[in-house]
Amino acid sequence: MNKNIIPEGTRDLTNEECLKKDRAINLINNVFNSWGYKKVITPSIEFYEGFRYEYSGLKEENVYKFFDSKGRILALRPDMTIPIVRLVSTRFKDVEESIKIRYEASIYRVFEEFSGRRNEYTDCGIELINKENEFADLEALIIAIEALRATGAKNFKIEIGEVNFFKSAIEALDISEEDKLSLSILIEKKKIEELKKFLKKLDVEDNIKNTFYKLPLLFGEGADILEKYKEMSFNSKMNNSIKYLENIYKRLDNLGYGEYLTFDLAITPRLNFYTGIIFRGYIEGSGNIVLSGGRYDDLIDSVKKGYKAIGFSINVDELSSILNSKLSKEERYKIIFSKDNEIEALRKSMELRKEGYVVEVIPSEDEKGIKVLKEDYYGD
């Protein structure tokens, strides 16, 4: 075995890559801080039980698992929402006001080989837990946009879906759970020909079949697209979902954020716990999701009665890899010195550091005294 090879889906970061990643994290956290979100840290290792499919929707093969000394199954966290819910159930159980949490954490998830996605990456995110949902949804979407803008990201879109629109549509069908799952996968993956063949086999009304056929083809920007969704709705719950999104969009557009928003109600979340709006962030230059989030009221209510929750996270590794952020040019010093001038060289370096400079001290057998060299370097 080659000892110099690292596991699939992981990578080393050095020098400028680290600086760019740290810069993105700092800029994102500045936005989170400005909205009153406070940092928490949870363990990288959790009990696997909390991430089982029926709770999370994560397949067993996507989770890194191992055993502790007592034979219990542990997992490297594949997501931050469930650890935050666990944290709220203990450390925040007696808190009655709104809970505003932010985090930066390594996430570990096994993706398919050659998928282009990393099995270890850093998420920066927020969770807003309170007794209200409409303004909280608005706040979360604004912060998501502002966080991406703060990093200098260009040409990005926040794609919004609504879980209840699709749920209420599919619940109206008198078909098996297996068929419902197959239908949702075909629609989200926009497999049009397969979807057409699948719908032909279903014993449902033609107008309903037509809605499901159109759904993966319908997505876009602005109020017009929401009007089209309204026209294809065939029950009151679907209409209520559209009205809710129209209200959110109108307010965001009034605040100047309309240009960043698109809608795709064919989105079906991979995680089971979402209950309302879900959203994803895409940036030109990346084929992967950079930001993802949504509402998970039932999950938080199971540990803190009467409370609701929404959150999102930004994949910092994906984000920083496509940003054209230029590191700032700064001055730094190198002090090269002989053994006899060690103390003098260290004192000089301390003086320069007090003035805010980066100083590297280098002992040299070839140097007869002290040489102070000034050079430019790129830092954060």
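Select aspartate 123 and serine 313 to begin: their side chains are joined by a polar contact of 3.2 Å. A polar contact is a pair of N or O atoms within 3.5 Å; within protein, one must be able to donate a hydrogen and the other to accept it, and residues adjacent in sequence count only if both atoms are side-chain atoms. This is a predicted model, in which local features need pLDDT of at least 70 and side-chain atom pairs count only at pLDDT 80 or more, while totals for chains, interfaces and linings use all residues. Residues are numbered from 1 along each chain as its sequence is written, and side-chain values use heavy atoms, with hydrogens and water left out.

**Stop 1: around aspartate 123**

Stay on aspartate 123, which is placed in strand E6. Helices (H or I, at least four residues) and strands (E, at least two) are DSSP runs, numbered from the N terminus. Show its surroundings: aspartate 123 touches Tyr103, Glu104, Ala105, Ile107, Ser313, Ile314 and Asn315, residues up to four places away in sequence not being counted. Contact means heavy atoms within 4.5 Å.

Aspartate 123 is buried but has no salt bridge, and the nearest side chain of opposite charge, arginine 109, is 6.5 Å away. Buried means under 20% relative accessible area, exposed over 50%, and partly exposed in between (1.4 Å probe, protein chains only). A salt bridge is a side-chain nitrogen of Lys or Arg within 4 Å of a carboxyl oxygen of Asp or Glu. For charge, Lys and Arg count as positive and Asp and Glu as negative; His and the chain ends are not counted.

**Stop 2: the annotated positions**

Next select Asp79, Met80, Thr81, Arg109 and Glu127, which UniProt lists for "binding site" in an unreviewed entry. UniProt positions are given in the numbering used here, feature names are shortened, and annotations may be inferred rather than shown by experiment.

Centre on arginine 109, in the loop between strand E5 (99-108) and strand E6 (120-130). Arginine 109 counts as buried because its relative accessibility is 15%. Beyond its neighbours within four places in sequence, arginine 109 is in contact with Leu58, Asn62, Tyr64, Pro78, Asp79, Arg118, Asn119 and Tyr121.

Move to methionine 80, in the loop between strand E4 (73-76) and helix H3 (81-90). Methionine 80 has 2% relative accessibility and so counts as buried. With neighbours within four places in sequence set aside, methionine 80 is in contact with Thr42, Tyr103, Ala105 and Ile107.

**Stop 3: salt bridges**

The whole structure has 25 salt bridges. Pick arginine 72 and aspartate 68, whose closest N and O atoms are 2.8 Å apart in a salt bridge. Arginine 72 is partly exposed, at 38% relative accessible area.

Go on to glutamate 177 and lysine 180, a salt bridge of 3.6 Å, N to O. Both lie in helix H6 (residues 177-188), three residues apart, about one turn of the helix. Glutamate 177 is exposed at 60%, whereas lysine 180 is buried at 14%.

In helix H7 (residues 192-201), select lysine 196 and glutamate 193, three residues apart. Their salt bridge has its closest N and O atoms 4.0 Å apart. Then select Lys21, Arg118 and Asp317, which salt bridges with shared partners join into one network.

**Stop 4: positive phi**

Most residues other than glycine have a negative phi. Asparagine 155 has a positive phi, near 50°. Find asparagine 155 in the loop between helix H4 (134-150) and strand E7 (156-162); asparagine 155 is exposed, at 53%.

Finish at lysine 190, whose phi is positive and near 55°. Lysine 190 is in the loop between H6 and H7 and is partly exposed, at 29%.
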